Amino acid sequence: MLKTGDHVIAPDDLYGGTYRIFTLVYEKYGIDFDFVDETDPDNVEQAIRQNTKLIWIETPSNPLLKISDIEVLSHIASSRGCLAVVDNTFASPYLQKPLSLGADIVIHSTTKYLGGHSDVIGGALVIDQQDLFEQLKFYQNAVGAVPGPQDCYLVLRGIKTLPLRLERHCANSRAIAAFLSEHQEVSKVYYPGLETHDGYSIARKQMKDFGGIVSFELKTGWKGAFNFAKAVKLFTLAESLGTVVSLVNHPISMTHASIPQEVREKNGITNGLLRLSVGCEDVNDLIEDLQRALSTSNRNRVKRDHSRKQRFI
Ligand SMILES: *Cc1c(COP(=O)(O)O)cnc(C)c1O
């Protein structure tokens with residue numbers, strides 16, 4: 001929908017693959033991007049130019065769970081003749097409904113909570129304006145981004161249990177965020193359901209619950225993250241998120257490796273940051289696993305566990 005000379009405002013904390021496609025694919029075609037801290041709407045307002053056509057919003061953001069006010073940003077977009085597009089992947093439609101808050105287009109990676117079982121890759125756009133729908137439908141047909149029947153089947157089957165899964169993801173995450181907040185090896189916990197989180201009140205206003213992703217920082221940095229990721233047994237070291245089983249990700253070496261180091265550091269994506277996608281297992285088992293793995297995070301070396309095939313990448 002954009003053309004050479006157009007300008008887009010995007011958040012400074014966002015999914016690494018979105019940053020990659022913006023800067024390494026679309027910038028080549030002369031579309032300009034500014035990445036700003038969208039948790040403060042003034043930053044967005046100030047970044048708007050004559051040629052700004054689109055405001056990209058991701059809330060909660062990946063991996064720092066920053067919260068932006070969808071209603072306020074959508075209002076700024078419409079008053080300046082721009083589209084407000086919300087990546088709603090972290091919340092899922094069960095927890096957050098951006099169209100009813102004024103957004104024009106909602107994007108979901110159906111690979112995550114909608115599919116829910118890490119066995120399908122897909123995406124969806126949700127639109128309630130006929131003219132936008134027709135433009136995008138034309139592109140879908142012309143470009144060929146059409147899912148196969150098996151992929152559709154897997155996503156439709158996942159959706160049947162979306163509320164059940166999300167309720168458990170949220171309850172488990174709440175307990176894990178509280179547990180991590182108290183732990184001596186942890187220097188910072190990012191979870192919008194914590195009252196100490198900067199976005200807590202906006203999250204409460206625009207979300208039904210706070211989601212299934214918890215990020216945290218270890219005092220012991222990269223080494224601690226390495227030890228932790230090797231020691232956990234129930235959390236699988238993997239990219240992706242939003243599946244029934246718990247996953248752990250080390251953003252700087254995995255999902256956010258394509259963001260330049262100086263940009264990552266400026267935005268708080270540190271060497272010791274870990275992102276948990278909390279699954280639907282028994283929460284006591286998960287906390288026990290975290291407790292054990294955290295006790296190894298400050299050791300110099302972890303004894304090699306030959307039963308595990310994963311390698312830290
Ligand atoms: C994973 C993810 C995407 C991309 O989804 P794919 O289905 O893996 O292409 C986009 N946005 C967010 C927030 C994500 O977490």
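By class, 31 nonpolar, 11 polar and six charged residues make up the lining of the largest pocket, where Ala, Val, Leu, Ile, Met, Phe, Trp, Tyr, Cys and Pro count as nonpolar, Asp, Glu, Lys and Arg as charged, and the others, Gly among them, as polar. The model is predicted, so that local features need pLDDT of at least 70 and side-chain atom pairs count only at pLDDT 80 or more, while totals for chains, interfaces and linings use all residues. Residues are numbered from 1 along each chain as its sequence is written, and side-chain values use heavy atoms, with hydrogens and water left out.

The protein's domain assignment, which is automatic or taken from a database, gives domain 1 (7–158) and domain 2 (162–312). The centres of domain 1 and domain 2, taken over C-alpha atoms, are separated by 24 Å, and their contact (heavy atoms within 4.5 Å) takes 36 residues from domain 1 and 40 residues from domain 2.

A nonpolar core is a set of buried Ala, Val, Leu, Ile, Met, Phe, Trp, Tyr and Cys residues joined through side-chain atoms within 4.5 Å, buried meaning under 20% relative accessible area with a 1.4 Å probe and protein chains only. In the largest such core, which has 54 residues, I176, L180, F216, F228 and L276 touch the most other members. Both domain 1 (7–158) and domain 2 (162–312) give residues to this core, so it lies between them. Leaving aside neighbours within four places in sequence, I176 is in contact with F235, L276, V278, V283, L286, I287 and L290. A second, separate core of 16 residues includes V36, I70, C82 and L101.

Technical notes: Buried < 20%, exposed > 50% of the residue type's maximum accessible area, 1.4 Å probe, protein only.
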